[in-house]
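Here is a short note to read beside the model. Keep the sequence and the 3D view open as you go.

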Amino acid sequence: MTSLLCITIISLSLAASAYSQVTSSPSPAAVKVFANLGDNVTLPCRLLSQDSMSFGSLGIRVKWTKVADDEALNEDVLLSMGFHKKTYGSFEDRVFLQEHDSEDASIVITDVSMEDMGKYRCEIINGMEDTIQEITLEVQGGLTDGVVFPFAAPGFGRYNLNFSDAVRACAEQNAVVASRDQLFEAWKAGLDWCNAGWLSDSTVQYPITKPREPCGGTNNGPGLRSYGHRDKQNRYDVFCYASALKGRFYWLVQPDRLTFGEAMQACLDDGAEIAKVGHIYAAWKLEGYDRCDAGWLADGSVRYPISRPRKNCSPTEAAVRLHGYPDKMQKSYGVYCFKAEQ
Ligand SMILES: *[C@@H]1O[C@H](CO)[C@@H](O)[C@H](O)[C@H]1NC(C)=O
Ligand SMILES: *[C@@H]1O[C@H](CO)[C@@H](O)[C@H](O)[C@H]1NC(C)=O
């Protein structure tokens with residue numbers, strides 16, 4: 001029976017040779033792949049045809065696309081023609097063909113981010129008989145669902161927040177003052193910060209992963225350095241905790257460099273608001289947001305989020321980089337906006 005069916009299909013495709021025959025996978029988009037943030041993940045796709053045509057043949061092309069709701073916004077991921085392979089956009093140098101055997105057209109996406117989530121289409125174009133398979137990628141946001149970040153009073157240098165200032169400062173950045181447990185988790189995940197900050201129990205501490213002289217000395221091992229409970233009138237920085245975004249953080253694409261006032265207005269004109277410091281940290285840590293452009297934020301600072309360190313963009317570590325607190329009339333930067341979910 002099977003071979004009869006095969007023959008039928010082949011003769012059909014011969015009969016319709018002016019067109020190319022499309023063989024879809026059993027039920028489109030039925031294949032779902034799960035990954036954790038930062039994983040390497042394989043999206044499976046195989047040449048279905050039974051004939052002996054080797055996949056490596058020069059005539060066969062493999063095209064991977066990320067499919068948008070509006071097909072006009074589809075993104076190219078990878079194109080392979082024989083020995084020639086090309087990756088595109090945010091997938092450049094991050095995606096490769098697995099090629100476990102001659103019929104394997106699967107791709108591996110390395111260092112998966114939340115933005116990679118969605119539907120992918122694998123097309124094997126073989127002249128006469130094309131194969132299309134669709135795969136949905138789900139990305140899960142890691143162990144915690146929030147991020148701890150250090151915050152200093154904008155423009156006043158370090159140690160300018162008493163406890164009530166600290167509470168207000170975090171709230172203004174879409175965050176709350178972090179608890180000791182949250183700072184401890186952040187330290188375990190690698191946070192190293194040499195300025196002391198308020199925590200929610202009104203202790204003042206800072207996390208050190210690389211002990212060094214100016215940061216509590218080298219006699220102590222890595223850990224949280226604590227000044228204990230402090231009088232709430234004293235002034236320090238603060239550690240804030242922001243949870244996952246309920247909305248979209250983005251770089252506003254627009255032609256000009258902006259003053260701070262123009263930056264705020266540009267986000268409003270786009271139906272959004274200028275992003276807060278909590279937004280940029282949540283997008284960076286929980287969604288793998290990466291952009292090497294310095295932009296204004298609501299506290300008057302200019303920062304940029306790097307999750308894939310590279311030359312000229314935070315080369316040694318993934319971080320939200322602080323460019324500084326420039327004169328607000330300076331017209332040298334773009335802007336990050338945040339649009340809350342409706
Ligand atoms: C992902 O793959 C890259 C390149 O093959 C490798 O360097 C990296 O260690 C892998 N990461 C994980 C989490 O397996
Ligand atoms: C904290 O400092 C602010 C000004 O920065 C001041 O208005 C407030 O009274 C201070 N609160 C305490 C408890 O010292």
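The points below go from the whole chain to single elements.

1. **Ground rules.** This is a predicted model: local features need pLDDT of at least 70, side-chain atom pairs count only at pLDDT 80 or more, and totals for chains, interfaces and linings use all residues. Residues are numbered from 1 along each chain as its sequence is written, while chains are lettered from A and ligands numbered from 1 in the order in which they are written.

2. **The whole chain.** The protein chain has five helices and 22 strands. Both are DSSP runs, numbered from the N terminus: helices are H or I with at least four residues, strands are E with at least two. The chain has 342 residues, and 31% of them count as buried. Buried means that 20 or more other C-beta atoms lie within 10 Å of the residue's own; exposed means 12 or fewer, and partly exposed is in between, with C-beta atoms placed from the backbone. Of the contacts between residues at least 6 apart in sequence, 60% join residues at least 24 apart. A contact needs C-beta atoms, placed from the backbone, within 7 Å.

3. Strand 14 covers residues 203–208, and five of its six residues are buried. Strands of a sheet pair through backbone hydrogen bonds, either parallel or antiparallel. Here, two strands pair if DSSP finds at least two bridges between them. Strand 13 (residues 197–198) pairs with strand 14 in the antiparallel sense over two bridges. In one of them, W198 has V204 as its partner. Q205 has its bridge partner, S226, in strand 15.

4. **Helix 2.** Which residues of helix 2 are buried? In this helix (residues 163–172) they are F163, A166, A169 and C170. Seen down the helix axis, they fall within an arc of 115 degrees, so they line one face of helix 2. The arc is that of the directions from the helix axis to the C-beta atoms. An α-helix has 3.6 residues a turn, so residues three or four places apart point the same way. The buried residues of helix 2 pack against strand 11 (146–151), strand 12 (176–177), strand 13 and strand 16. Just after the helix, N174 takes a positive phi of about 60 degrees.

5. **D237.** D237 is found in strand 16 (residues 237–243). Why is D237 buried? Because 23 other C-beta atoms lie within 10 Å. R158 is 79 residues away from D237 along the chain, yet their C-alpha atoms are separated by 6.3 Å. Leaving aside neighbours within four places in sequence, the contacts of D237 include P150, F151, R158 and N195.

6. One open sheet has the strand order 3-8-7, with antiparallel pairing. Strand 3 (41–43) and strand 7 (95–97) stand at the edges with a single partner strand each, so one side of each is left without a neighbour in the sheet. Strand 7 and strand 8 (residues 107–109) pair over three bridges. V95 stands opposite I109 in strand 8.

Technical notes. Two residues are in contact if their C-beta atoms, placed from the backbone, lie within 7 Å.
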